[in-house]
Amino acid sequence: MSPPMTADRESLGTLPNPLGLQGVEFIEYATARPQALGQALERMGFKPVARHRSREVLLYRQGGMNIIVNAHQGDEPARDAQAPGDAPVLAAIAFRVGNAAAAYRRVLELGAWAVHTEVEVMELNIPAIHGVGTSRIYFVDRHREFSIYDVDFVPIPGADPRPPAQHGLHLFGLVQYIGLDRLADWTAFYGELFGFAELPPEQSFGVLTQGRILASPCGTLYWQLIEPLIDALDADPGELLQRVAFGTGDVLATVAALRAQGVDFVESPTGVHSEVRGALTRADAGGASFELVLDPR
């Protein structure tokens, strides 16, 4: 049961976990090719469990992870992914908090930019702020006996509403590409608003170790910030959420199991390849690339 959020608690910005962060409720992708992305997610072990009541949006689930695939052309987050052939866009992350309204008020007081949302009949108005690029950060406090999906989504007939996690997969973190000399800005953004703490530079996870890693105050999520290479500035794609990382207790066993399900991995003798520390999936057309990371926890 969540602790009560009093007025005093809402104003204590110096607490190690100022928002009462409890983890991630969902990750949202926007795409013009929902079937291709859905197939990629199913190969990773996710199952479609519900459809949105009024939009072209599907909810995929595996264990405690929820991924929303948004192909609704009227939604602003989806418009960046409407060109045919484009890769899906990581459009949003929703944080679980003890009190969504209090968390929302606090980050606005600290300078976050509110997102104006328009909801239809029978839809929840979930508070959100602007994140990197065109992404959004939502705050959700309905995630136990009664959840946001009970209102906004209709279960798919015959689908298991809670498919178990395969191979021990769980959400480990997100990778964000940032602009040159923007490390301090983004570290302050996640630190001051949400309580993320910067890990020592020598501490890294997985096989893609560039950049700096921030740890969430609830101990459930890592956020990796990666600057562009100096000699690749002309090819810099800008600032955006780049990919999702899943944790596992045995990377190589998980790679073998996912390969048997049709997942392709990046294998370069002199570059990125699957190893004990981690692995990187290869994105098909319309799909997404995912990272596997050995979770030391």
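The legends below describe close-up views of one predicted model. Residues are numbered from 1 along each chain as its sequence is written, and side-chain values use heavy atoms, with hydrogens and water left out. Because the model is predicted, local features need pLDDT of at least 70 and side-chain atom pairs count only at pLDDT 80 or more, while totals for chains, interfaces and linings use all residues.

View 1. Helices (H or I, at least four residues) and strands (E, at least two) are DSSP runs, numbered from the N terminus. Of the 297 residues, 46% count as buried; buried means under 20% relative accessible area, exposed over 50%, and partly exposed in between, with a 1.4 Å probe and protein chains only. A contact means heavy atoms within 4.5 Å. Among contacts with a separation of 6 or more, residues 24 or more positions apart account for 70%.

**View 2. Eight strands form an open sheet with mixed pairing.** The strand order is S6-S7-S5-S1-S4-S3-S2-S8. Strand S6 (128–130) and S8 are the edge strands, each pairing on one side only. From one strand to the next, the twist averages 25 degrees. Two strands pair if DSSP finds at least two bridges between them. Strand S2 (residues 47–52) and S8 run antiparallel and are joined by three bridges, with His-52 opposite Phe-153 in S8. Helix H4 (residues 100–109) packs on this sheet, where H4 touches S6 and strand S7 (136–140) and makes about 140 degrees with the direction of S7. Helix H6 also packs on the sheet, touching strand S5 (89–96), S6 and S7, and its direction makes about 15 degrees with that of S7. Axes are lines fitted to C-alpha atoms, for helices over the stretch in contact, and angles run from 0 to 180 degrees between N-to-C directions.

**View 3. Seven strands form an open sheet, also with mixed pairing.** The order here is S10-S11-S12-S9-S13-S15-S14. Strand S10 (197–198) and strand S14 (278–280) lie at the edges and pair on one side only. Strand S9 (residues 170–177) pairs with strand S13 (residues 240–248) in the antiparallel sense over seven bridges; Leu-171 stands opposite Phe-246 in S13. S13 and S15 pair in the parallel sense over five bridges, and the bridge partner of Thr-248 in S15 is Leu-294. S14 and S15 run antiparallel, joined by three bridges, and Leu-280 has Glu-291 in S15 as its bridge partner. Four of the five residues of strand S15 (residues 290–294) are buried.

**View 4. Helix H6 (residues 183–194) lies across S9, S10, strand S11 (212–215) and strand S12 (222–226).** H6 runs at about 160 degrees to S12. Thr-187 lies in this helix and is buried, with a relative accessible area of 17%. Its side chain reaches the backbone oxygen of Leu-183 at 2.8 Å. Not counting residues up to four places away in sequence, Thr-187 touches Glu-198, Leu-214 and Leu-225.

**View 5. Asp-295 is located in the segment after S15.** Asp-295 counts as buried, at 14% relative accessibility. The side chains of Asp-295 and His-170 are joined by a polar contact of 2.6 Å. A polar contact is a pair of N or O atoms within 3.5 Å; within protein, one must be able to donate a hydrogen and the other to accept it, and residues adjacent in sequence count only if both atoms are side-chain atoms. Not counting residues up to four places away in sequence, Asp-295 touches His-170, Phe-172, Gly-247 and Thr-248.

**View 6. Pro-163 is located in the loop between strand S8 (153–155) and S9.** Pro-163 is buried, at 6% relative accessibility. Its C-alpha atom is separated by 9.5 Å from that of Tyr-60, 103 residues apart along the chain. Not counting residues up to four places away in sequence, Pro-163 touches Lys-47, Val-49, Arg-61, Gln-62 and Gly-63.

**View 7. Helix H2 (residues 34–43) has Ala-36, Leu-37, Gly-38, Ala-40 and Leu-41 as its buried residues.** These residues pack against strand S1 (23–30), strand S3 (57–62), strand S4 (65–70) and S15. Just after H2, Gly-45 takes a positive phi of about 105 degrees.
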